[in-house]
Amino acid sequence: MNKKFIDKENIIKFVLALFALSSLLFLFVIFVFILSEGLPLFYKAGVTNIVFGMKWAPTKASFGIFPMIISSFMVTFGALVVGAPLALACATYLSEYAGRKMKIFLKPSLELLAGIPSVVYGFLGVVYIVPIIREHLGGAGFSILSTSLVLGIMILPTITSISFDALMSVPAAYREGSLAMGATKWQTIYRVVLPAARSGILASFILGMGRAVGETMAVIMVAGNALKIPTSLLDPLRTLTSNIALELAYATGDHRRALFSTGVVLLVIIMSLNLVANFWVKARVSK
Amino acid sequence: MGIRAISRRAACVLVVALLSCGVPSQDAPSGGNSTVTIAGSTSVMPFSEKLAEHFKIEQPRITVDVQAGGSSAGIQACINKTVDIGMSSRDLKGDELVLRAITICHDGIALIVHPRNPLKDISLEKIRDIYSGRIKNWKELGWKDRNIDCVTREEGSGTRGAFEELVMGKTEIHDSIMVQDSNGSVREVVATDPYAIGYISLGVVDSRVRALSVGGVAATRKNIQAKKYGIVRPFLYLTSGEPSASARLFIDFVLSKEGQRILKKEGLIPVNE
């Protein structure tokens with residue numbers, strides 16, 4: 001009887017392990033698929049011609065995606081400039097000042113913000129942000145500025161929740177010690193709590209960047225998708241993700257492979273960001 | 001012929017079709033069910049689907065399977081005989097000329113601006129200058145001192161392909177020009193931005209945007225039929241040699257009065273009128 005019970009436990013454990021590993025399998029399959037479709041063109045056209053090429057005309061055998069790589073980083077940085085201060089302020093308020101009631105109200109609304117589909121953000125961007133920029137600042141409105149604003153709002157929840165966790169994991173003794181030394185509450189936060197949570201906060205920024213780099217739908221709708229490297233805040237631009245989504249419908253042959261090559265570059269960027277973020281988190285844990 | 005007469009006829013066809021279920025139809029060439037595969041241009045695809053729906057009522061035993069893929073893919077598939085009919089929204093060239101091309105209708109490409117824009121007419125040359133980045137300001141076209149917000153379609157699109165061929169020629173579309181991925185999104189940008197200019201299929205021009213006349217010729221169905229308006233592309237059905245009997249029936253249906261009426265209702269220019 002007892003033995004049978006243990007068997008059942010083992011079976012459940014085995015089945016769950018199998019399911020857990022399936023996510024790894026999906027990751028592996030995606031990797032193999034993207035690499036097998038994207039790598040042949042790197043071989044054929046040359047890595048430098050693709051990664052550092054300035055001209056994208058895939059139906060005329062020019063596969064340069066350098067402007068898109070730069071543009072992707074530009075909007076990601078822009079999103080961080082818009083989103084990070086807000087998110088950090090929000091996380092600090094939540095962990096240091098907010099009472100129980102405020103927390104009950106704020107946390108779920110942040111989660112709600114994270115749950116809104118990106119196409120809705122894009123739509124709001126096209127309907128409100130783009131016309132406002134066009135009328136008051138000039139240009140077509142489809143620009144780095146509008147894209148950064150939309151993405152900045154989109155990455156708020158990611159950055160807030162992770163830096164909130166980082167702030168909460170700072171031991172209460174640090175705060176008590178600082179207050180006992182006669183520091184005010186703000187001095188305590190500014191001089192003790194934030195520096196102690198520094199690596200976690202940096203990790204949250206980097207994960208937020210990963211989210212911004214990968215965002216597609218909202219970006220297509222507000223970025224204008226021009227191929228040139230933007231030279232002003234009001235210039236349109238095209239990111240790596242929007243390049244794939246824009247052109248996949250009609251692409252055949254080398255054009256299609258070029259889009260997969262764009263995917264390979266994107267994969268490398270996002271993987272490096274995640275690696276760096278994990279490194280920061282680890283550094284924090286081991287400290 | 002009134003709508004009632006048409007619907008009565010359709011009803012008759014439907015009844016006959018229902019009755020003939022089970023017994024081999026006289027019209028179906030091999031006596032049994034058959035499938036016609038069509039693939040190619042995404043510009044032609046929605047219209048082929050519409051035609052296939054209507055065709056299904058007349059010939060319930062023949063299934064028309066419509067797939068996208070782009071003009072070039074459709075042509076290639078047709079050469080390789082993997083499809084019965086290929087769809088193309090551009091003329092054949094070079095090696096592709098081995099295929100038999102049947103023009104099912106024409107589609108005009110209209111240059112559109114916001115209704116508030118005072119510009120009424122533009123020359124082909126000026127269009128080329130705008131899209132190649134030489135003209136950047138509306139002042140040069142006799143309006144305000146304001147940048148032109150120019151919109152094009154994405155690389156690989158059939159509409160862009162036709163625009164490049166018919167308007168741009170050897171000149172390249174400049175990198176700084178905005179890109180949208182459908183007729184609808186280009187129209188949306190132009191409808192909301194008074195300083196924008198774009199090009200879309202004539203069939204999807206609506207009252208929120210205004211089509212410019214090009215070189216003094218208005219972009220209308222009449223002018224296209226009279227061959228006055230030049231930015232026109234053919235929608236082609238391609239077959240490799242003699243089409244199969246079922247494919248032949250479908251092509252005949254598309255070229256029939258009924259088929260052409262459907263295309264005209266969708267905003268395209270029928271071939272035999």
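Predicted model: local features only at pLDDT ≥ 70, side-chain atom pairs only at ≥ 80, totals over all residues.
Residues are numbered from 1 along each chain, chains are lettered from A. Local features need pLDDT of at least 70, side-chain atom pairs count only at pLDDT 80 or more, and totals for chains, interfaces and linings use all residues.

Colleague: Which residues of helix H4 of chain B are buried?
Modeller: H4(B) spans residues 124–131. Helices are DSSP runs (H or I, at least four residues), strands likewise (E, at least two), numbered from the N terminus. Buried means 20 or more other C-beta atoms, placed from the backbone, within 10 Å of the residue's own. That picks out B:Ile127, B:Ile130 and B:Tyr131.

Colleague: Which element gives the largest share of the side of chain B that touches chain A?
Modeller: Contact means C-beta atoms, placed from the backbone, within 7 Å. By that test, 20 residues of chain B meet 23 residues of chain A. Helix H3 (71–79) and strand E7 (178–180) of chain B each give two or more residues to this side. The largest share, 3 residues, comes from E7(B).

Colleague: How many residues of H4(A) are buried?
Modeller: Helix H4 of chain A runs over residues 100–115 and reaches 23 Å from its first C-alpha to its last. H4(A) is hardly covered. Among its 16 residues, the buried count is 0.

Notes: Buried ≥ 20, exposed ≤ 12 C-beta atoms within 10 Å, placed from the backbone. Contact = placed C-beta atoms within 7 Å. Expected span 1.5 Å × (residues − 1).
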